[in-house]
Amino acid sequence: MYTQSVKYVKDPLWAWKNFVERGIADAVLTRPEILESWQRCRELNVNPYDGIGKDRLNQKELDKLILSNSRLVEAAKPFMHTVYQSVQGSGFMVVITDKEGRILHSCGDSAILDKAESTIRFIKGTNWSEQAVGTNAIGTALVINKAIQISGSEHFCQSHHYWTCSGAPIHNSLGEIIGCFDISGPAQYVYLHTYGMVVAAVEAIENQLRKEEIQEEKNRAYELLSAATESVTEGLLAVDKEGRIIHINPVAQKILRLSKKIETGQLLKSILGPNEKFSEMAKQLLWKTDVEIVHDQGPDRIHCTCSARPFSKKDGSIAGVVFTLREINKVRRLVNMMVGATARFYCKDIIGESKVMKTALKLISVAANSRSNVLLTGESGTGKELFAQAIHNHSNRSMGPFVAVNCAALPRELIQSELFGYNEGAFTGAKRGGNPGKFELADGGTIFLDEIGDMPMELQVNLLRVLQERKVTRVGGDKEIPVDVRIIAATNKNLFKDIDEGRFRQDLFYRLNVFSIHIPPLREREEDIEVLTMYLIRIFSESLGKQIKGAEAEFLQAIKRYTWPGNVRELQNAIEFAINIAEGDYLTVKELPHTVSCPRQVRTEGKVISLSEIERITVESTLNQFNGNITQTAKALGIGRNTLYDKLKKIRG
Ligand SMILES: Nc1ncnc2c1ncn2[C@@H]1O[C@H](COP(=O)(O)OP(=O)(O)OP(=O)(O)O)[C@@H](O)[C@H]1O
């Protein structure tokens, strides 16, 4: 486009004139980056006889721009002043711009600042890009993304020919241009070292910005870590090898019963006393999982589980250990949830219209609101466990565990360790670390001791002690562990008779029988049979995916006629059986189990038969029906296997 010609005149002004007046580019007298910039200026229609800063922000706009570039300005200011000090008195000024070339801050001798303002309006807020004022160290450095020095007539605009300036772009850590650093002064004092100073200053500013970024990242990471450790539900305690606290979250403070603010660097021993176990574990630098810690801290007891995980420094050397702590009650609650130690039933789940049932329901709410032990009596399957769960769920312990223990189902030799727990090594086969017993698991909640009448005499003494002292001692242990447990016991036996015959301790009976509720058998609550039947039809119909709408009159008559030795459990089984085989919308008598629909053996004899005889006939015939299979017979009768064994023992002598 431009003709290139070689001239013998040395004056660079001649090259400028040749370019702006005649369009001739002189590649000998003009550096390529200057020529390229001039060409850009020409394409941008920059007026070479102007160069006065016209595009200027008002004060408000400038303040806003400075604010949005505040990190750059604050990082650059100290270096601008250092650079200025070294050129002070030599007529130079130092300038910093944003990434578009708009001046954000300047410093310099007042004479040169005045000159810059009065001649070309080179002042804060002015746009010093190539597009605005032609080739100059700021605008051109921003375009070519390189440091550059531009002197006298190398500037595209004539009014800048008085000046020499050195500019260098400033980058962020991603390599993006964020601004420009510039030193400007009279062209007759053009020094190469000002170019070097600009390059060095920019490097220093970029370093400073990077340092700040790293620090900010660290702060952000620390804040994130703090927010994370403060929001977790576990206690976190980080300790160095010497047992000094590196970090502790509020949950750990609570678990360790520490009310005062803890400073990092404090020795754990100076806070918890010389017997604390964490420092020892931190010294050993071992991985540990769920170790139980009991530590008496003045009047307070620390009782938690703790897992330890050593952590290392960047160089691989071990720095300390992070402990994860869980309050023992919380652990127990979790275990309880896992093993199903929760109560499902409420008063609304207890169905019954009879007077006795209504009275019993009233007693449940009274019992729920009292702290006394409760004794539930009634035949097998009358709903004793249902009542116990409802009492727990309506009491102020409802958030705590509900642990049910069937004393008749536990092998005699295991009852002690099941109820009170055991320590490691207490007997062959004892778990490592020991095991908490049902009383410990029920801490803060309710323990339901079903079939209490079957508790062996020698263990009744231990139970009595727990009731009196509210403390348990694990098998193989000597420490007394306090437990806060409400006891609901149940029996289908006549405990008075057992006391008389020396099978049940009277003192234990009176401790348990503070509040007693008797649930009569189903055959004595005829009004309940029909409502229970309708309720059970609805429940099983839903759960078995059937559309049963009700039952035929004959079905209900048969149900009411029957004596229900297995009570509600037996009724449940009968209805479940009927619904399973039902074909129509309404249950018919044919769908009832044989034992319920035709207890013929009982009726054909035409004379009054004793209840025990009825029981004998029912048990024997059912056993026959299932070819002597105990499990199936017990299920059909609605009684437990142990109860069936007891009955057979009695019947067969
Ligand atoms: N009034 C009732 N309303 C609804 N369901 C009931 C009622 N009574 C008992 N049941 C149900 O009958 C079944 C037997 O009840 P539960 O296990 O509470 O009896 P139990 O007296 O504890 O028996 P056992 O002495 O054999 O352990 C349970 O499924 C229970 O939900």
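Visitor: Which hand does the crossing of α20 and α21 have?

Guide: The crossing of α20 and α21 is right-handed in this predicted model. Helix α20 spans residues 526–543, and helix α21 spans residues 553–561.

Visitor: At what angle do α20 and α21 pack, and how far apart are their axes?

Guide: The angle is about 135°, and the axes lie 10 Å apart. To name such an angle, check the ranges: over 145 degrees counts as roughly antiparallel, and 65 to 115 as roughly perpendicular.

Visitor: Which residues make the contact between α20 and α21?

Guide: From α20 come Glu-526, Ile-529, Glu-530 and Thr-533. From α21 come Leu-556, Ile-559 and Lys-560. By class, this contact has 3 nonpolar, 1 polar and 3 charged residues.

Visitor: How do the axes of α20 and α22 cross?

Guide: The axes come within 9 Å and cross at roughly 50°. These two helices are therefore oblique to each other as well. Helix α20 passes α22 in a right-handed crossing.

Visitor: Which residues of α20 and α22 make that contact?

Guide: Helix α20 gives Leu-532, Thr-533, Leu-536, Ile-537, Phe-540 and Ser-541. Helix α22 gives Val-568, Leu-571, Gln-572, Ile-575, Glu-576 and Ile-579. Sorted by class, they are 8 nonpolar, 3 polar and 1 charged. Note Thr-533 of α20: this residue is listed in the contact with α21 and in the contact with α22.

Visitor: Now to another pair. At what angle do α13 and α14 cross?

Guide: Helix α13 covers residues 355–368, and helix α14 covers residues 384–393. Their axes come within 8 Å and cross at roughly 45°. That angle makes α13 oblique to α14. The crossing is right-handed.

Visitor: Which residues of α13 and α14 are in contact, and how do they divide by class?

Guide: On α13, the contact residues are Ile-364, Ala-367 and Ala-368. On α14, they are Phe-387, Ala-390 and Ile-391. The division is 6 nonpolar, no polar and no charged.

Visitor: How many residues surround the ligand, and which are the closest?

Guide: There are 17 residues around the ligand. The closest are Ser-380, Gly-383, Lys-384, Glu-385 and Val-568. By class, the shell has 4 nonpolar, 9 polar and 4 charged residues. Val-568 is one of the closest residues to the ligand, and Val-568 of α22 is also listed in the contact with α20.

Visitor: Why does the ligand lie between domain 3 and domain 4?

Guide: Look at where the shell comes from. Domain 3 (339–518) and domain 4 (525–652) both give residues to the shell, so the ligand lies between them.

Terms used
Residues numbered from 1 in each chain as written. Predicted model: local features only at pLDDT ≥ 70, side-chain atom pairs only at ≥ 80, totals over all residues. Axes fitted to C-alpha atoms, helices over the stretch in contact; angles between N-to-C directions. Helix = DSSP H or I, 4+ residues; strand = E, 2+ residues; numbered from the N terminus. Parallel < 35°, antiparallel > 145°, perpendicular 65-115°, else oblique. Left-handed = near helix turned anticlockwise from the far one by under 90°. Contact = placed C-beta atoms within 7 Å. Nonpolar A, V, L, I, M, F, W, Y, C, P; charged D, E, K, R; others polar. Near = placed C-beta within 6 Å. Domains from an automatic or database assignment.
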